[in-house]
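I opened this notebook to record what I looked up in one structure.

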Amino acid sequence: MVKTRRARSLAKRESRNFWLYTSPWIIGFVAFTAFPFLSSFILSFMQWDVLSPPKFVGFDNYVQLSQDKTYFWKDLNNTLYYALIGVPLTIVLGLAVSVLLSKPIRGINFYRIVFYLPAVFGGVAVLKLWTYLLSPGTGDGMNPGLINALLGWFGIQGPGWSQDPHWAKPAVLLVGLWGVGGSMMIWLPALASVPKDLLEAGEIDGANRFQRFWRITVPLITPAIFFQLTMGIIGSFQIFMEPVIMPGSSKTWTDSLMVVLFDNAFRFYKMGYASAIAWVIFLMIMLVTLVNLYFSRRWVYYESK
């Protein structure tokens with residue numbers, strides 16, 4: 001009987017401690033995630049300019065969104081451009097850099113730090129620096145940026161980059177590729193987990209370096225590829241600072257869905273319409289992620305299977 005009471009007392013104490021220690025996270029989740037999540041869903045059916053009470057309009061925001069060819073559909077095309085072109089480039093380049101940084105050479109830790117630093121330094125200041133580096137030097141009263149100046153030394157006329165509607169989106173992708181060294185935190189452990197005996201067996205069987213990488217290494221690191229692909233797609237749908245800062249606020253060549261969401265919410269105070277955009281973005285991200293998860297069973301290899 002005494003043992004039973006003691007066990008119950010211990011269970012109550014553990015339960016009390018559990019709720020005590022997890023309460024900061026639970027409060028933060030409810031206040032800063034769950035409540036805004038549900039509020040935005042409700043607001044997506046409202047017309048609200050912050051200054052006046054919300055007015056229920058049903059699906060009008062979504063209907064208006066589907067008919068907005070000037071901003072929404074154009075920015076959706078830009079966002080898909082970042083996803084379909086930028087994500088594969090980031091994966092390929094990040095993997096290539098990580099393969100080079102996985103070699104046991106002298107001073108390899110220094111090189112890893114150098115390639116990882118661009119992922120640490122970011123924000124508006126870095127984007128302003130890139131805007132200067134990619135300056136075309138024509139029509140803006142400025143000398144050519146460093147990149148166009150280097151191209152000029154070889155007799156190549158540099159493009160307009162962020163000041164040219166045809167080169168603005170590639171310029172945004174170029175700036176994104178600058179920080180691919182941050183992905184080596186995923187690639188390096190994946191490459192290190194490839195069994196050496198399999199690579200040696202492939203070498204004995206006559207496979208060259210590329211064949212060993214493509215036939216042995218790549219299939220064994222498909223979980224890392226799947227993770228980078230999924231997170232890259234999610235990130236491409238949420239890209240914001242680069243399209244806003246690089247071309248300048250007066251140009252909309254690079255605007256993404258997050259830009260049109262921000263403009264409607266904090267420039268035009270259309271909170272209901274902005275909430276509808278947010279939910280459309282959420283549903284697209286969820287759909288793409290579920291499709292990616294479904295097809296991952298056909299090409300992602302897990303050792304435990």
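The entries below concern a predicted model.

**Entry 1. The largest pocket**

I began with the largest pocket, whose volume is about 980 Å³. I found 35 residues in its lining, and Thr 90, Gly 176, Leu 177, Gly 179 and Glu 242 lie nearest its centre. The elements that give two or more residues to this lining are α3 (72–101), α4 (108–120), α5, α7 (168–177), α11 (222–237) and α12 (241–245). I asked which element gives the largest share of the lining. It is α11, with six residues. By class, I noted 21 nonpolar residues, 13 polar ones and one charged residue in the lining of the largest pocket.

**Entry 2. The second largest pocket**

I then turned to the second largest pocket, for which the volume is about 720 Å³. Its lining has 22 residues, and those closest to the centre are Val 99, Lys 103, Leu 199, Phe 213 and Thr 217. Two or more lining residues come from each of α3, α8 (184–192), α9 (196–204) and α10 (209–220). I recorded the classes for this lining as 13 nonpolar, two polar and seven charged.

**Entry 3. Helices α5 and α6**

Two packed helices are described by the angle between their axes and the distance between the axes. I looked up both values for α5 (residues 124–133) and α6 (residues 146–153): the axes come within 6 Å and cross at roughly 25°. Angles under 35 degrees count as roughly parallel, so α5 is roughly parallel to α6. On the α5 side I listed Trp 130, Tyr 132 and Leu 133, which meet Leu 146, Ile 147 and Asn 148 of α6. The contact of α5 with α6 holds five nonpolar residues, one polar residue and no charged residues.

**Entry 4. Helices α10 and α11**

For α10 and α11 I found an angle of about 60° and axes 5 Å apart. The two helices are therefore oblique to each other. Val 218, Pro 219 and Leu 220 of α10 meet Thr 222, Pro 223 and Ile 225 of α11. The class division of the contact of α10 with α11 is five nonpolar, one polar and no charged.

Leaving out residues up to four places away in sequence, Ser 40 touches Ser 275 and Trp 279.

I next checked Asn 292, which lies in helix α14 (residues 271–299). Asn 292 counts as buried because its relative accessibility is 11%. Neighbours within four places in sequence aside, Asn 292 is in contact with Phe 226, Leu 229, Thr 230 and Trp 299.

**Entry 5. Positive phi values**

Most residues other than glycine have a negative phi. Val 50 has a phi near 75° and lies in the loop between β1 (46–47) and β2 (55–56). With a relative accessible area of 38%, Val 50 is partly exposed.

Tyr 269 also has a positive phi, near 55°. I located Tyr 269 in the loop between α13 (257–266) and α14. Its relative accessible area is 43%, so Tyr 269 is partly exposed.

Notes: Residues are numbered from 1 along each chain as its sequence is written. This is a predicted model: local features need pLDDT of at least 70, side-chain atom pairs count only at pLDDT 80 or more; totals for chains, interfaces and linings use all residues. Side-chain values use heavy atoms; hydrogens and water are left out. Axes are lines fitted to C-alpha atoms, for helices over the stretch in contact, and angles run from 0 to 180 degrees between N-to-C directions. Helices (H or I, at least four residues) and strands (E, at least two) are DSSP runs, numbered from the N terminus. Angles under 35 degrees count as roughly parallel, over 145 as roughly antiparallel, 65 to 115 as roughly perpendicular and the rest as oblique. Contact means heavy atoms within 4.5 Å. Ala, Val, Leu, Ile, Met, Phe, Trp, Tyr, Cys and Pro count as nonpolar, Asp, Glu, Lys and Arg as charged, and the others, Gly among them, as polar. On a 1 Å grid over the protein atoms alone, a cavity is a set of points where a 1.4 Å probe fits but cannot get out, and a pocket is an open set with protein on both sides within 12 Å along at least five of seven lines; lining residues have an atom within 4 Å of a point. Grid points are joined across faces, edges and corners, and a volume is the space filled by probe spheres set on the points. Buried means under 20% relative accessible area, exposed over 50%, partly exposed in between (1.4 Å probe, protein chains only).
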